[in-house]
Amino acid sequence: MALVRVQGLTYRHPDAEAPALDGVSLEVQPGELVCVLGPSGSGKSTLLRALAGLVPHFHGGAFAGRVEIGGIDTRTTRPSELAGVVASVFQDPEDQVVFSRVENEVEFGLENIGVSPDEIRGRAAAALESVGAAHLAGRPTPEISAGELQRICLASALALGPELLLLDEPTSQLDPDGARALFELLCELQLAVVISEQRPSLPLEYCDRVIFLEGGRVLLDAPRDDAVRWLARNRPAYVETAPEARAGEAADGEVVSLLDDVSFSYGGETGVESTTLKVRRGEIVALTGPNGCGKTTLAKLAAGLLEPGAGRVELTGRAAYLS
């Protein structure tokens, strides 16, 4: 029996002229991993919010059709009543975090669904361990990296033990090893997963089925192998490997951001230590490394958003920072 049933779902956001979802019908079976693909604005995030009951209860707008999760009609059931059955992780983890301490954040959802106090700490610790974040339990959430914060949101969702897990671009802040570990974990779990991704290569390795949305409509709903062939014929950008970057000449423009032997700590936790970096006008610099290695901290130092504890930072002109 299908865990998720969507029949003729049409939804228009308040004040929008065109529907975000238009006549969408689909099913998701227990234990199935479904990947939702499509261009920006195609309705992927809206579909996930509809499966969580947030559409229409939280967002308003015009809703037609039917969405059932485990036989529960979302039109007559508040999202809070679906907690424990459905768990979501949204695109921006900073918008989802409530508490200033990691372990409290993961425990919060368990408290809300009435888990016994004797079980809460153990379940939260197990969830943090499952996403490789046990070492962060005592850390303040404002002091950890974006990738680490995304792991905390995943742990908070998994701690609930849901039947349906909704993930909206869950690897956007994860390093490559962390992203692959996430999908391997999802394959081990005995629950249905619907995941929306802009970077499809990894999801296409692990998913059972692919749904492709465009203009709010389902253009494709097929098993993975059939979907990959369809994408290759009709939307090749989703399956083609990007060409190798060509080595170019180093930019010779003026230095616009200079970090000279810079160090920065969050309390007793080292964020960046004795780092030197020059960024020149016209240069594109990629900061890579595992979550928690200091990429976000270094970028904020370079943009002048943090004051170094040691060393110096020189910034020419104004800097814009987009997280």
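Which helix lies across E11, E12 and E13? The first view gives the answer. The model is predicted: local features need pLDDT of at least 70, side-chain atom pairs count only at pLDDT 80 or more, and totals for chains, interfaces and linings use all residues. Residues are numbered from 1 along each chain as its sequence is written, and side-chain values use heavy atoms, with hydrogens and water left out.

**View 1. Helix H10 lies across three strands.**
Helix H10 covers residues 295-302 and runs at about 130° to E11. Helices (H or I, at least four residues) and strands (E, at least two) are DSSP runs, numbered from the N terminus. Axes are lines fitted to C-alpha atoms, for helices over the stretch in contact, and angles run from 0 to 180 degrees between N-to-C directions. Contact means heavy atoms within 4.5 Å.

**View 2. Three strands form an open, antiparallel sheet.**
The order is E12-E11-E13. Strand E12 (269-280) and strand E13 (310-315) stand at the edges with a single partner strand each, so one side of each has no neighbour in the sheet. From one strand to the next, the twist averages 20°. Two strands pair if DSSP finds at least two bridges between them. E11 and E13 pair over five bridges, in the antiparallel sense. Asp-260 stands opposite Arg-312 in E13. Strands of a sheet pair through backbone hydrogen bonds, either parallel or antiparallel.

**View 3. Phe-212, Trp-230 and Tyr-238 form one aromatic cluster.**
The structure holds five aromatic pairs. Phe-212 and Tyr-238 have ring centres 5.1 Å apart and planes at 85°, so this pair is edge-to-face. Rings of Phe, Tyr and Trp (its six-membered ring) pair if their centres lie within 6.5 Å; planes under 30 degrees apart count as stacked, over 60 as edge-to-face and the rest as tilted. Phe-212 lies in strand E9 (residues 209-214), and Tyr-238 in the loop between helix H9 (224-234) and strand E11 (255-266), so the pair ties together parts 26 residues apart in sequence. Phe-212 is buried, at 0% relative accessible area. Tyr-238 is buried too, at 17%. Buried means under 20% relative accessible area, exposed over 50%, and partly exposed in between (1.4 Å probe, protein chains only).

**View 4. Arg-49 lies over the face of Phe-90.**
The distance from the ring centre is 4.6 Å. A charge sits over a ring if NZ of Lys or CZ of Arg is within 6 Å of the ring centre and within 35 degrees of the ring normal.

**View 5. Glu-27 forms a salt bridge with Arg-5.**
The closest N and O atoms are 2.6 Å apart. A salt bridge is a side-chain nitrogen of Lys or Arg within 4 Å of a carboxyl oxygen of Asp or Glu. The whole structure has 19 salt bridges. Glu-27 is partly exposed, at 34% relative accessibility. Arg-5 is partly exposed, at 28%.

**View 6. Arg-209 and Glu-32 meet in a salt bridge.**
The N to O distance is 2.9 Å. Arg-209 lies in strand E9 and Glu-32 in the loop between E2 and strand E3 (33-37), so the pair ties together parts 177 residues apart in sequence. Both Arg-209 and Glu-32 are buried.

**View 7. Buried residues of helix H4 pack against helix H5 (117-130) and helix H6 (146-159).**
Among the buried residues of H4 (residues 102-112) are Val-102, Val-106 and Leu-110. Glu-107 is buried, at 9%. The side chain of Glu-107 meets that of Arg-121 in a salt bridge (4.0 Å, N to O). Arg-121 is exposed, at 55%.
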